[in-house]
Amino acid sequence: MSDAKDFAFTLTGLRIPYFPGCTLKTTAQNFESSAVAAARALGIELVELPRWNCCGTVFSLAADDLIHHVASIRNLIRVQEMNRQGLVDGENRMVTLCSMCYNTMKRANLRVRQNAEDIKKINDLMYREEDYQGNVRVIHFLELLREIGMGKVKRAVKKDLAGLKVAPYYGCMILRPKEASIDDPEAPTVLGEVLRALGTDVVVTPYNKVCCGSYQTVHDKDAVAGLAYDILGHARKSGAEAIATTCPLCAFNLDNRQKEVAEKHPDFEHMPVFYITQLMALAFGVDQGVLRFDQNYVDPVPLLKKHSLLDK
Amino acid sequence: MEEIKNPVMDIIAEANRSATSGIDAKDIKDWITISIMGRAYKVPADLTILAAMEYAGYKFVRGVGCRQGFCGACATVFRKKGEYKLQTGMACGTRAEDGMHLAQIPFTPAEKASYDLTKEPYSASVLIKYYPEVARCVSCNTCTKACPQDLEVMDYVQAALRGDFELLATDSFDCIQCGLCALRCPSEIVQYHVAQLGRRLYGYYGLGVPEHLKKRVEEIEKGRYAKALDTVIAFSNDELRKQYVGRDIEPEQ
Amino acid sequence: MAEIKYIGGYPEYMRKIIEKVEKTREKRLGYTPAAMSMKERDEVLKIHPDFAPGGKREILVGPNKGERGSNEVVDLLEAYPLVDAGDIDLSRVDYETKILIIGGGLAGTSAALWANDKGIKPQDILLTNKLRHGDANSIMAEGGTQAADREVDSPDLHFLDTIGGGHFANKPDVVRALVEDAPLVIKWLCELGAIFDREANGDLVEKLAGGISRRRMHSCRDYTGLEEFRVLRDEFRSREISYLEHYPVIELLTDAKRVTGALLWNLETGEYKIVKAQATIIATGGYGRLHIRGFPTTNHYGATFDGVVLAYRVGARLRDIDAVQYHPTGAAYPLQIVGHLLTEKLRGSGAQPVNCDGEAFVYALEPRDVEAASFIRECYVRDKGIVTPTGLRGVWLDTPLIDLKNGRGFIEKEFPGMMRMYTRYEIDMSKDPVLVFPTLHYQNGGIETDPWGKTNIEGLWVAGEVSGGVHGKNRLMGNSTLDCLVFGRRSGIDTAEYVKSGNKKNSAKLTFDHLKIYVQSLKEAGVKPTRRAPILLPDYRGKAALARMIDVF
């Protein structure tokens, strides 16, 4: 990116603290590279926290298990620091891409904001850090898109994805529990709105928020493969050619587990699984190097070529 | 026959006496009291914990090494008078203070994994393979609080988890492997072993061998400098002096 | 007496002297005092502790009988053994090994790795340590390691620098091995994952140092020795080579002609163990803790000359044992860090020695002995030193110049260890100068070897600071870690070849015959049995506590 463009952001664009999470730095680099580029095309600069730690991975439900929320809250303190250091200007929101990170930090934040005693204890434990003031808001990238408006997303499209039939898949972590949901938990639409703005044919299936199997994927591949078979199978039956999601774990279970699915069901037809941001970057016409399809298990290239959507 | 002593040398030796032999009480003006493993001792003020313990009569065979903050042998835990915080430091670089309670921790039991760098991929998975407990980090930052080098230990553990080898190497570089982080970690991670493996992976895969070095080693192996060395090695003492005095000195950068 | 007022770590009166340094700083920024001529060097060296009268005497016994050495050194060469040969049962061997390595610093650890590379199994090598594996001067090496690996540089230039720095007393064939292998060992370290400072393009950062004619100092921040060593130790442990800690060797064993093993002593329990070995490498380091001429030292706690004492008793020849290296820039203030090393890389990066009038009185990068002697002259002959509250004298090392020359933040990035040391005492060396005075740093001479580390005694090799010859009378910066790496490697390879070509060596006898001869010669020379060696550790216990100590166990 050119300096001139950087300068433009500081003047007019939105600079917002961004929390990547471990998966986006390892197995889901394609999610991050496409998201950062897509955001930039919308005039949004995702400013990575200069220092950050794991989100905590899973929100702990135990009432007396405050230590497991320390990880989340520490990241929120970094947002305060960024404001103080002038890396962002009065921006108290922190954007996440990974649904799991979003869910964990959103809920930890809600919990401590509702309980002054919790904040005090955590601050006390973290005496090397500045105190958490409770003012940071954890938001998901999709919420940010909704806020700037799908009209703006649509205007950023250089090459619409007309003809590409995509089924949005939400999973659980951006919908449940209700207080952490970014959308109607029963009838979410946000992914569909984005896909529509990109010009795709949106295929809605009743399986779009069925659990992907989550961490069972470590111990029980078969169970997860079974869920993937159902979710992908219904999408296929409804006419979809691909899936779009925002969760690296969902993506892994739906994408990589197709290996096990295919072993069990010889008639199974592989289906590409996209991060929504890969489709955005594609439609926005940014350098296709950011798409990083090398990290997708099922190769989406043939499908995209079929629709003449790739540069080469 | 005994030679004449040099007064300058004697003055220097006398002035340095407190750094070269046991301290004599008659040289001391200010005193403090510290508690070494529960027993109080009156010791000179302005000493390191190490020197104060020696003054008290301890002759170390453990818990001492370089005495200058490089080796990590003299890890010590202490509480200052009236403070609840358990503090950590190296006995050789921490000033003994009046009312301080302390104990040394001369050894950290921790297993180091065996590996061959060249057979591992350059990825976070290597660190998790050999030290799976690293994934148990809850980001409590206790390790950072314990580090006598003031390193951001938790940050480098987090960097390890996400395969950011450069950050891991940079943040952990000044580690003296004293073990205090590992002793304080509630997740029982051995941070300094993880960092050692990570730094070596970064050195091997991330930095590699620079071209000019490879080239020079090849040249030497092919004998490019053999003749020049045969020549200088055969020089007479006078010729060597002449060559040495006449050589040009490269300027500073 | 009024309380002393401290400002930024310094008492008020020293602050006033610092103001003079600040006043001349800008002028000195572009000024470098001229390097001394050979004649000027000879003149100033007269006040060097090695040449100032009263410090040396003749050795009465052993291979170097009649030569002179520092009193503290000769004291230990002329000392009686710690054990009475008759009290030790040599019939039960506790460890039988092919290669015994005594001392686990850079040299010993390198030797083990290279012997292993040459086919000696990990379980056939035994590395013993007096303290922990790595409690060595090696890990305290701050400045760097020399290697001529740039296009404008060459091994023969490195050779000239080394020999000139050593006052032309070096053993040329050994120096040749040092300079010719230097790039190779740096490459070896890179291949093991050591992180040297790099330029933006990936080339190695290379700096000047005292007495060297090309930029060839390779560094790892100011933790060079630590980084080099911990990488080697990590590799050593990964290969599962055998080692013992807190087990000093207190005597070698021989079959009268050949070294065949050693007597180990458990430093904590006092129990002894017998090792039988086909080849033995001594890599025990130097002697800073002898506090020669009453100087403080940069050395680690175990630097007590043990290896030379042991080898001398079996008949190993020494050389240049009279030459002591005093590092010009030891800390002189505050009291807690007196004698601690301030790396020469500071001067290599632009710091200037300055006297109490704020004058740069000497070229910053003279060979160490010349530089050290000029500091002593400034303090005690010209009376332009700075006196500390406890009566020590020193000169300023104007460290803020480094950031002025290299950009703000340079000191913090390149010298984190130094910064840390001073910050503990509230001194910011990037803003204020620090006070320095020479400190006992290095054993220039030692046990004589051939280019493969082999001594005149069969079965005995040495590597590192314990050896003599490679540095002549004065070692250059960056040649000590290099010495360890090169001769550790060479002794490891050579012992491996020796062991592999060996025959009947396992039937070798273990005796103290050499000791009987040595003790006899001490008696004949009239040496009274009051001193015992090796001393293993120095003693800093308070005089009051010592005076009332009862030795029960």
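Predicted model: local features only at pLDDT ≥ 70, side-chain atom pairs only at ≥ 80, totals over all residues.
**Definitions applied to a three-chain model**

Me: Why is C:Gly108 called buried?
Reply: C:Gly108 has 34 other C-beta atoms within 10 Å. A residue is buried if 20 or more other C-beta atoms lie within 10 Å of its own, exposed if 12 or fewer, and partly exposed in between, with C-beta atoms placed from the backbone.

Me: Where does C:Gly108 lie, and what does C:Gly108 touch?
Reply: C:Gly108 belongs to helix α4 (residues 106-117) of chain C. Helices (H or I, at least four residues) and strands (E, at least two) are DSSP runs, numbered from the N terminus. Leaving out residues up to four places away in sequence, C:Gly108 touches C:Ile101, C:Gly103, C:Leu127, C:Ile281, C:Ala283 and C:Gly488. Here a contact means that the C-beta atoms of two residues, placed from the backbone, lie within 7 Å.

Me: What makes C:Asp539 exposed?
Reply: C:Asp539 has 11 other C-beta atoms within 10 Å, and is therefore exposed. The residue sits in the loop between α15 (513-524) and α16 of chain C. With residues up to four places away in sequence not counted, C:Asp539 touches B:Gly22 and B:Lys59.

Me: Which pair of chains has the most contacts?
Reply: Two pairs of chains touch, and the most contacts are between chains B and C. That contact takes 89 residues from chain C and 80 residues from chain B. On the side of chain C, α6(C) gives the most, with 10 residues. By class, this side divides into 44 nonpolar, 19 polar and 26 charged residues. Ala, Val, Leu, Ile, Met, Phe, Trp, Tyr, Cys and Pro count as nonpolar, Asp, Glu, Lys and Arg as charged, and the others, Gly among them, as polar.

Me: How many residues does chain A give to its contact with chain B?
Reply: Chain A gives 13 residues and chain B gives 15 residues. The largest share on the side of chain A, five residues, comes from α4(A). That side has six nonpolar, three polar and four charged residues.

Me: How do you know that chain A and chain C do not touch?
Reply: The nearest C-alpha atoms of chain A and chain C are 18 Å apart, and the two chains do not touch.

Me: Why is chain A called as compact as a globular protein of its length?
Reply: The radius of gyration of chain A is 20 Å, close to the 20 Å that the globule rule gives for 312 residues, so chain A is as compact as a globular protein of that length. The radius is taken over C-alpha atoms, and the rule is 2.2 Å times the number of residues to the power 0.38. Buried residues make up 47% of the 312 residues in chain A. Along its principal axes the C-alpha trace spans about 60 × 50 × 30 Å.

Me: What makes β2 and β4 of chain A edge strands?
Reply: The open sheet has four strands in the order β2-β1-β3-β4 (chain A), with parallel pairing. Each of β2 (44-48) and β4 (137-140) has a single partner strand, so one side of each is left without a neighbour in the sheet. Two strands pair if DSSP finds at least two bridges between them. Strand β1 (residues 14-19) of chain A and β2(A) have five bridges, and A:Pro17 has A:Val47 in β2(A) as its bridge partner.

Me: Which domains does chain A have, and how far apart are their centres?
Reply: The domain assignment gives domain 1 (3-141) and domain 2 (150-306) of chain A; such bounds come from an automatic or database assignment. Their C-alpha centres lie 25 Å apart. The contact takes 24 residues from domain 1 and 27 residues from domain 2 of chain A. α3(A) gives the most to the domain 1 side, with nine residues.

Conventions: Residues numbered from 1 in each chain as written. Chains lettered and ligands numbered in written order.
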